[in-house]
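Morning, everyone. Let me put the model up, and then we will walk through it.

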Amino acid sequence: MKLQRSVRASVMTLAFAVLVASGAIASFPKVSASLQSAWSLRDLSWSRRRETVLGPAYPAIRALRRQIPETSDVAIILADADDVGPGTFLNYYLYPRTSIIYWGPNNYDQQILEGRVDRPRPATIIWLDSTRSPVPRLATIEEVRQEWETKP
Amino acid sequence: VGDEALTGLLITLVYFGVIGAGVGRLLRLDAHGSRLDRLATRFVVGVGAAGATLFFLGVLAVPLTVITFGSLPVIAVISWIVRGRRTAKPVDLGRYPAIPTVIMLIPLVIVFIEAAIVPLNDWDGRAFWLLKGKAIAHEESIQGPFFQGLGARNLHSHYPLLMPMNAAVVFRFAGELDDRHVRWLHALTAAAFLIMLRSRIARLHSAAVGAWISALLAWLPQFSFDSYGGAVSAYSDLPLAVFAAAGLLQIVTDARPVPVGLWITFALLTKNEGMVIAAALLFCYFVQILRTAGFPVALSRVVLAGAPVVCSLSLLTIWRGRIPLEYDENYALLARDLLSKLTVVGEAAAAFLVRMVDLRGWGIFWPAVIAATAYLLWRRRNGVVLIAGIFLAIGIASYIAAYTVTGWKLADLAASSANRLLLQLIGAAALILAEAAQQLLGSREPEGESTVTVDAPV
C-alpha cells in the first residue's frame, strides 16, 4: 500500500514536471529576452532605458514634453493608419496635455474628431509620419500639408 | 535598480497589504496557511477592495485626493484593531515541498527583475489602463474632462476602473505620473495570487498538489511573461483571472456568501468580461450550495452574494451613463445579431479554441486540462468537474458568442485576444488539474465537498 502510494506520488510529480517543462520551454524565448534586456539596462538611467526599449521616438517625446506646457492642447496629426499605434502612445506619454488625434491635415482642417466636432482645434501641432521617420515633431499646418501632399 | 522603482514597490506593498489586512481580518479571508500564505491573500484582497471602494467613491463624486486614498488604509487599521486578535489558530496546511516551491519562485523572480528594471512596453496597459490611472490621479475624479472626452484621447471610455483606480493611488503617492512605479502592482498581484492559490489548493487537497499547481501556472508564458496580458504587462486580464479564480476557490472551499460576493464584485469591476465571469460564478455558487443544502438555502445564499454585485453593476451603469462612449464595442447591441450570425459560430469557435493548443502561449496546459477532465469523469469524480466545468463552459461559450457577433476579422481578433480570454479562465483549469492530481495520488476524503460551509451567512 505504501509502495503503491509512493509510485502514485512519483507519477504525479512526473506529470507535473512534464507540464511545467512544457511551460518553461514555451517561456524560454521571452525569459531569455527579458533577462538579457534587464542585464543590458541595469546600469542606465530610466530615461536611457526608455530610449533603448522604446526606440528613437522616446527622446523626441521627452523633448516635446519639455517644450509643451502641461496645460496646453495638442493636435497629433497622423500621416496614415499605420501611425495610430505611435499616435496612441504619444497621447499616453504627453498626458496631462490634452492631445487630440487627427487623421491627416484635411481631418484637422475640417475639425473631424471621430464624430466629435465640438472641440476647438489646438494650435500646437505634432506631425507623425512613420513612413518617413518614427520621430514625432512639432510642425505648422502648412508644413504638414506640404509633406502630406508629397507623400510617397 | 534605482530608488525610483523601489518607491512603487513600497507603496504597493504597504497600501494594498494594509487594506487587505483590514478587510481580510473582517471577513476571515486570511485565516489559513502560513504567514506568507496569509500575507499573499491579504494583498490580493487589498487590490480588489481598494479599487472597488475607490470606484464607488468616484461614482458618488467624492474627490479622489491623497486624503481619500489615504483614508482607506487608516480605516483598515481601525477595523483591524476593532476586530481584535484572531480567535482561531490558523489551520496548518502542511509543509510545501521544496522543489515545486523553488520552481514557482524562479519565474516570479524574473518578473520582479523585469518590473524593477525594464520600462513598460506593452500595448493596452499604456494605451488604455494606465492612461486612465494617470487621468484619475491628475483630475482626482472619474467624471472629469478626460472621461468626458474633453481631455486626451480616452479609448474604451466605458471600461471598468478597478485597476486604473489602484494605479492612480500609486501614481499619487509616488508623486509623478510615471509608469515605472505601477509595474509592481501587476507583478505583485500575480505573485500573491500564486501563493494564495497554493494555500487554497492545499486546503482542498494537499500541500504538494497546491505547490505544483502554482509552479505550473507561474511557468505559463501567458501568465507570467507575455507582454500582452501577463504579469510583466499592465493589462487588466491577469487581475480579472485572479479575482475569478479567487471567487471559484472561495465557492469550493468556504462558500460564505459575503466573501463570494466580494470576489465576484472585484471581477465585475475589473474588465468588461467581468460581467460574464460574475454571472458564471454566481451560477456555480448556486449549483454548489444546491448540491449540499437544497434549493431554498442556495437561493438565499445567491441573493446575499449577489447583493454587492448588483449594487456594483448599478453604480457601473450610472457611471457609464455619464461618460460618452468612445471606441468600444456595444455588445448589448451586437448580441441582437447573434441569431442571424449563427453560421459564423463554427468559425468563431475554431478561431478561439485553437488557441488552447497554442504551445507558445500555454505549453500543453490546456490539453492537460481536457485530459484531466476526461480522467475525472471516468473516475466519477464529478464534484469539482461540475463546478469548474460550468465556469469554463459559460466562459468559453460567451467568448465564442462575442467572437460571433463582433465586426472584427476573426483571425485578427483571436490573435489579439484569445490567449487573454483563456487566461481569465485558468482558475477553473487549475481546480480540475488539482483534483485529477489528487486522484492520481490516491483520493483523500472529498474535502472539496465537505469543507464547504453553508451555515455561516457572512
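How many of the 16 residues of H5(B) are buried? Fourteen is the count: 14 of the 16, so helix H5(B) is largely enclosed by the rest of the structure. Buried means under 20% relative accessible area, exposed is over 50%, and partly exposed lies in between, with a 1.4 Å probe and protein chains only. Helices are DSSP runs of H or I with at least four residues, strands are runs of E with at least two, and both are numbered from the N terminus.

Ground rules. This is a predicted model: local features need pLDDT of at least 70, side-chain atom pairs count only at pLDDT 80 or more, and totals for chains, interfaces and linings use all residues. Residues are numbered from 1 along each chain as its sequence is written, chains are lettered from A and ligands numbered from 1 in the order in which they are written, and side-chain values use heavy atoms, leaving out hydrogens and water.

Back to H5(B), residues 124–139 of chain B. From first C-alpha to last, H5(B) reaches 21 Å, close to the 22 Å expected. The expected span is 1.5 Å times one less than the number of residues. H5(B) has a kink of about 40°, centred on B:Leu130. That bend is the angle between axes fitted to the seven residues ending there and the seven starting there. Just after H5(B), B:Glu140 takes a positive phi of about 55°.

Next, helix H8(B), residues 207–218. Its twelve residues should span 16 Å, and its end C-alpha atoms are 16 Å apart, which agrees. Eleven of the twelve are buried, so H8(B) is largely enclosed too. Among them are B:Trp212, B:Leu216 and B:Leu217.

Now the core. A nonpolar core is a set of buried Ala, Val, Leu, Ile, Met, Phe, Trp, Tyr and Cys residues joined through side-chain atoms within 4.5 Å. The largest has 189 residues, and B:Phe365, B:Trp366 and B:Phe391 touch the most other members. Helix H7(B), residues 183–204, gives the largest share, 14 residues. Contact means heavy atoms within 4.5 Å. Not counting residues up to four places away in sequence, B:Phe365 touches residues including A:Leu19, B:Leu216 and B:Leu217.

Last, chain A. Five of the six residues of strand E1(A), residues 73–78, are buried, so E1(A) is largely enclosed. Six bridges join E1(A) to E2(A), residues 98–103, and the two run parallel. Strands pair if DSSP finds at least two bridges between them. A:Ile76 stands opposite A:Ile101 in E2(A). Five bridges join E1(A) to E3(A), residues 124–128, also parallel. There, the bridge partner of A:Ile76 is A:Ile126.
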